[in-house]
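Thanks for coming. I will take a few minutes to walk through one structure, starting with its rings and then moving to its core and helices.

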Amino acid sequence: MTDGFAGFRIGIAELAILGLLFPAECEDLPVWSVEDRAIFRRAADLVARKGDDLFVPPGDGQDALAEAQWEANARASGWWPFTWVKTGLDGDCSRQVHDLTLPLLWGTEWLLVELERRRFTYADPAIRAASDLIRQAKSRLDVLREHEGGFVNDVPDLRDVCERLSDTLQGCCPVLMAWPVLEPEPA
């Protein structure tokens, strides 16, 4: 992923950024505060810098995504599941990883609303692809929540369905994301 202004394919990181910038508003939960949105913005900045394969800092280390996950789970317990990935040559080790399915779902829901506002119909491939991604993301979240998190290696990946959405969007409308150039992290 690049910083600045560029055309690119929409993937997990880009949809998660949209979701962190526009988190879901649920009727049965309080509205996100300005402080909550600032936390999500920092998490979006982290995803913009690092991409979609992000490990949770070891020990008591916190990063912006861990803070955002905590805020989401403070609203509804287990809303954003804690997840691990199997590591090592034979998968006998594990490491906690940030799963971006929930913010990806929020971003796709936001994108779907924007497409519908522009008078795309359900017959349009972009609407169908976004709806399919929402359905698969919800299914993935259901499995992760049922197992109270767990190993992401054991649940279907969303990369292929994100790729289909990106293909259909490129075929029907321009997709641009402007992101401010970020200062490099201190060494």
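**Aromatic pairs, core and helix packing**

The count of aromatic pairs, with ring centres within 6.5 Å as the rule, comes to 6. Take tryptophan 32 and phenylalanine 40: their ring centres are 4.9 Å apart and their planes stand at 90 degrees, so this pair is edge-to-face. Please keep in mind that what you see is a predicted model.

Are these two residues buried or exposed? Tryptophan 32 is buried, with a relative accessible area of 5%. Phenylalanine 40 is buried as well, with a relative accessible area of 0%. Ring pairs also link Trp32 and Phe40 with Trp79 and Trp106 into a cluster.

Arginine 95 lies over the face of phenylalanine 55, 4.2 Å from the ring centre. Lysine 86 lies over the face of phenylalanine 151, and there the distance to the ring centre is 5.5 Å.

Now the chain as a whole. Its secondary structure consists of 6 helices and 6 strands. Along the sequence, the pattern reads β-α-α-β-α-β-β-α-α-β-α-β. The chain has 187 residues, and 47% of them are buried. If we take contacts between residues at least 6 apart in sequence, 70% join residues at least 24 apart.

In soluble globular proteins, nonpolar side chains tend to be buried together. Here, the largest nonpolar core has 46 residues, and Leu15 and Leu65 touch the most other members. Which helices supply at least two residues each to this core? They are H1 (12–21), H2 (34–50), H3 (64–75), H4 (101–117), H5 (125–146) and H6 (159–172). H5 gives the most, with 8 residues. Apart from this core lies another one, of 5 residues, including Val85, Leu144, Val152 and Val155.

What does leucine 65 touch, leaving aside its neighbours within four places in sequence? Leucine 65 is in contact with Leu20, Ala43, Leu46, Val47, Leu54, Trp80, His98 and Leu100.

Glutamine 69 is in helix H3. Glutamine 69 is buried, with a relative accessible area of 5%. Not counting residues up to four places away in sequence, glutamine 69 touches Trp80, Pro81, Phe82 and His98. Trp80 and His98 are also among the contacts of leucine 65.

That leaves helix H1. Why can we call H1 largely enclosed by the rest of the structure? Because 9 of its 10 residues are buried, where buried stands for a relative accessible area under 20%. The buried residues of H1 are Ile12, Ala13, Glu14, Leu15, Ala16, Ile17, Leu18, Gly19 and Leu20.

Last, the packing of H1 on H4. Two packed helices are described by the angle between their axes and the distance between the axes. For H1 and H4, the angle is about 75 degrees and the axes are 6 Å apart. That angle makes H1 roughly perpendicular to H4. On the H1 side, the contact is made by Ile12, Leu15, Ala16, Leu18, Gly19 and Leu20. On the H4 side are Pro103, Leu104, Trp106, Gly107, Thr108, Trp110 and Leu111.

Conventions. Residues are numbered from 1 along each chain as its sequence is written. This is a predicted model: local features need pLDDT of at least 70, side-chain atom pairs count only at pLDDT 80 or more; totals for chains, interfaces and linings use all residues. Side-chain values use heavy atoms; hydrogens and water are left out. Rings of Phe, Tyr and Trp (its six-membered ring) pair if their centres lie within 6.5 Å; planes under 30 degrees apart count as stacked, over 60 as edge-to-face and the rest as tilted. Buried means under 20% relative accessible area, exposed over 50%, partly exposed in between (1.4 Å probe, protein chains only). A charge sits over a ring if NZ of Lys or CZ of Arg is within 6 Å of the ring centre and within 35 degrees of the ring normal. A nonpolar core is a set of buried Ala, Val, Leu, Ile, Met, Phe, Trp, Tyr and Cys residues joined through side-chain atoms within 4.5 Å. Helices (H or I, at least four residues) and strands (E, at least two) are DSSP runs, numbered from the N terminus. Contact means heavy atoms within 4.5 Å. Axes are lines fitted to C-alpha atoms, for helices over the stretch in contact, and angles run from 0 to 180 degrees between N-to-C directions. Angles under 35 degrees count as roughly parallel, over 145 as roughly antiparallel, 65 to 115 as roughly perpendicular and the rest as oblique.
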